Amino acid sequence: MSATGALLSALSSHVAKTWDGRGLTATVDRPVRAYLHAHTAGLPVTATTLHLVWVASGAGLLAFSFLTGAFGARLTWILWGAATTVMVWSGTAGPARQVAAGLAVIGWGIASIAGLRGLVLRPELSHNVTVNNNSD
């Protein structure tokens, strides 16, 4: 096996572990699931359904923000990321709490590069300035 083949094999193995519920994804996903399970008592919907809605709404908001650049979609995307971080913080026990929340912020921040592309935080100054120097 070539060096490139070995590298690709190791990378695919790492990616598989990351996405199979044991890696970085689980660091964010498990606390969100735990939070939803702990806070859905008495609701007429299951925590599993709410988790599906949570994931789908995040994906939809990211896509809508990327495709349209709409202010409402971008604002809701920001709130979705903040709420996810709070759920990760709350759903992670002990000293791992800060690391898990930090990973949630980093993941959300990387996704925000696409969702918030072209966002201008300060108004542009107009170059069409008319000066009246008449001193009548």
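Rings of Phe, Tyr and Trp (its six-membered ring) pair if their centres lie within 6.5 Å; planes under 30 degrees apart count as stacked, over 60 as edge-to-face and the rest as tilted. Such ring pairs join Trp54, Trp77, Trp80 and Trp108 into a cluster. The model is predicted: local features need pLDDT of at least 70, side-chain atom pairs count only at pLDDT 80 or more, and totals for chains, interfaces and linings use all residues. Numbering starts from 1 along each chain as its sequence is written, and side-chain values use heavy atoms, without hydrogens and water.

**Confidence**
- Mean pLDDT (the predictor's confidence in each residue, from 0 to 100) is 80 for the protein, with 70% of residues at 70 or more.
- Helix α1 (residues 3–19) has the lowest mean, 53, and helix α4 (residues 71–91) the highest, 92.
- Residues 14–19 have pLDDT below 50.

**Aromatic cluster**
- The count is three aromatic pairs.
- Trp77 and Trp80 are stacked, because their ring centres lie 5.3 Å apart and their planes meet at 10°.
- Both sit in helix α4, three residues apart, about one turn of the helix.
- Trp77 and Trp108 are also stacked, with centres 6.2 Å apart and planes at 25°.
- That pair links distant parts of the chain: Trp77 is in helix α4 and Trp108 in helix α5 (residues 97–115), 31 residues apart.

**Burial**
- Trp77 is buried at 3% relative accessibility (buried means under 20% relative accessible area, exposed over 50%, partly exposed in between; 1.4 Å probe, protein chains only).
- Trp80 is buried too.
- Trp108 is partly exposed at 22%.
- Leu75, in helix α4, is partly exposed at 39%.

Methods
Helices (H or I, at least four residues) and strands (E, at least two) are DSSP runs, numbered from the N terminus. Contact means heavy atoms within 4.5 Å.
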